[in-house]
Amino acid sequence: MKIISILVVLLSFLGTSPALGDENAISLTGTWKFHLGDNPEWINPAFPDSQWDFIGVPQIWENAGYGDYDGYAWYRKSVMIPAEWRNNKYVKLKNHLYLQLGEIDDVDQTFINGYPIGSTGSFPPDFISGADKPRTYEIPLHIIRWGEANFIAIRVYDQEGKGGIFTGNVALKPPNQIDYVNFTTKINSGESIYRCNQNLSVDATIENNSFDPLIGNLDFEILTDEKISIQTASYPVHQTIGKQLTFSTAFRLRKPGIYILKSTFSHEDDICFSTEKLLGCDVLRMIATPDQERDFVEFWQRTKQQLSQIPLQTKIEKIDTLCTDSKDVYSARILAFDDIYIYGWYVIPNQPVNCPVILEFPGYSNRSAPRLDGHYDNFAVLSLDIRGHGRSRGEIKPSFPGYLVWNIDNKEKYIYRGAFMDCLRAVDFLFSRPEVDTSRIAVCGTQQGGGLALVAAALDPRIKLVIADSPFLANFQAAVKIAFLPYNEIIQYIVEHPTRKRSTLKNLSYFDALNFANNIRCPVLMSLTLNDRTCPPRTCFAVYNQIGAEKEYVVFSNKAERDGSPDYETYKTNWIKSRFKIR
């Protein structure tokens, strides 16, 4: 077993907000005007929007009655900006105000009084999601209508799944003293994974570059990943202008687990700065007991038998417009479980002979795309849309959110029973292809795709390698306590059907990667991100520690760090090539 830890030190600033000491901030939480579609005229403050819908902000627009809508939509709102703000000494120095919009799925472009002030992500055709990035935009003073209504217009594009201004602080505020204070926290060892009772030494540095003395309190706190406080330390702060102070403390983590180091500076009970750093303690001793039902094995043997009785019917169509000088691209249609068709993109070298294979599974609500980068030039790559995803929504069209609880009260009809079989049927397809070396099939995916990869390998010994990045569908019992979207679909279902809680969790146990892990017989590479709210590290390690095959893990501080790491992509490619004996 090999263990790798990469790029583990990153502090996540929560930023300032109306709840964080900005007594002059104007909250924009609440009702906004809203309209589906895309029209450049909607930038204009004078545009008549009286017939537009109303929507609460923040929330995903699916929860506001817009079903599984994907595409463009606009938000509009007017706000009066006090004239006295322009006399604020910090406003004069900064020469702008701040507009905070929380997190938006996926892409936005924001305007004030018709002027663009910021954008995050990239609109089609060069789509890049900005869903995990909190927005704070600067509003230049010269475009502000002091003492009058100012019009905010936000153009939003959602590629798939949840959409809109969905979480975080939404406010307009002037600069203040805190904008001239630097607050940093450092763990002196530079590590994120510790042993029990190892000394955890922490420094927090406050640098006051403002016009005023800084008075308040600095608090350190260790919490569990369920936000239970277990250790604290506190220091008074009285800092003159232009001075820098450093405060030091130390903790010891006593039990295996995932912990949060929270460092907070507050003034008169208002939090001005807060940082969180996630830490692991003896992560290879974090054990979650599998909760297989007595008929777990029989259930999946019977399900696989049902799949085998469905004839393998496939059709591939070459898409000339997508082909390159070195690769041919095909659309693949495959008859799957329940006699429905699923689709994928099949990319092969234009002179394919005995190709090793990458089988990719999609993330939750995501759509597959042809794999045309240079990492797997000599491979055949099948990028699959499981049922209800991407091009495989023809016969089963669940909403997002909603997929995770589709027929959750009946394990025979639960959406993931068919989805798991879609993964195995994709392997059947690969075995039917003459250009494929069937002894060299690797499966991979991120979040939901990672969970599917683990389950597929447990159910099908034809799979020889697994790469699971932040696997979803893992350790449901813990996930419903500590995770964010989309596990909250389960929580909401249980709230709405309290008498079904026990049966719901029982049904989910048939689909929990934790209960499949000890059946995996091939090498596994798993990555995880410590601040992942969708696939918390506790749930990932629970599965990892049940795997008895060759395995290794890689730790990142956050998703952006991993997804933007060319070193990790190269490492994954080389990991596969070395085990498939490819030079």
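Biologist: What makes helix α4 largely enclosed by the rest of the structure?

Modeller: In this predicted model, 12 of the 12 residues of α4 are buried, so the helix is largely enclosed. Buried means under 20% relative accessible area, with exposed over 50% and partly exposed in between (1.4 Å probe, protein chains only). Among the buried residues of α4 are Gln448, Gly449, Leu452 and Leu459.

Biologist: Why are residues 448-459 called a helix, and how far does α4 reach?

Modeller: Helices are DSSP runs of H or I with at least four residues, strands are runs of E with at least two, and both are numbered from the N terminus. Helix α4 has 12 residues and reaches 16 Å from its first C-alpha to its last, close to the 16 Å expected at 1.5 Å a residue. The expected span is 1.5 Å times one less than the number of residues.

Biologist: How does helix α3 do on span and burial?

Modeller: Helix α3 (residues 415-431) has 17 residues and reaches 25 Å, close to the expected 24 Å. In α3, 16 of the 17 residues are buried, so this helix is largely enclosed too.

Biologist: How do you know how confident the predictor is in the residues?

Modeller: Each residue carries a pLDDT, the predictor's confidence from 0 to 100. The protein chain averages 91, and 96% of the residues score at least 70. Over residues 1-21, however, pLDDT stays under 50. Residues are numbered from 1 along each chain as its sequence is written. For this predicted model, local features need pLDDT of at least 70, side-chain atom pairs count only at pLDDT 80 or more, totals for chains, interfaces and linings use all residues, and side-chain values use heavy atoms, with hydrogens and water left out.

Biologist: Why is the pair of Arg367 and Glu160 called a salt bridge?

Modeller: A salt bridge is a side-chain nitrogen of Lys or Arg within 4 Å of a carboxyl oxygen of Asp or Glu. Arg367 is partly exposed at 47%, whereas Glu160 is buried at 12%.

Biologist: What makes Glu569 and Arg371 a pair that ties parts together?

Modeller: Their closest N and O atoms are 3.9 Å apart, so this is a salt bridge by the rule. Glu569 lies in helix α11 (residues 566-579) and Arg371 in the loop between β24 and β25, so the pair ties together parts that are 198 residues apart in sequence. At 21%, Glu569 is partly exposed, while Arg371 is buried at 16%.

Biologist: Why is the pair of Thr264 and Ser274 called a polar contact?

Modeller: A polar contact is a pair of N or O atoms within 3.5 Å; within protein, one must be able to donate a hydrogen and the other to accept it, and residues adjacent in sequence count only if both atoms are side-chain atoms. The side chains of Thr264 and Ser274 meet at 3.4 Å, so the distance passes. Thr264 lies in strand β19 (residues 257-267) and counts as buried at 9%.

Biologist: What makes Leu200 buried, and which residues is Leu200 in contact with?

Modeller: Leu200 has a relative accessible area of 1%, so Leu200 is buried. This residue is found in strand β15 (residues 199-208). Contact means heavy atoms within 4.5 Å. Leaving aside neighbours within four places in sequence, the contacts of Leu200 include Ile187, Tyr194, Phe251 and Leu279.
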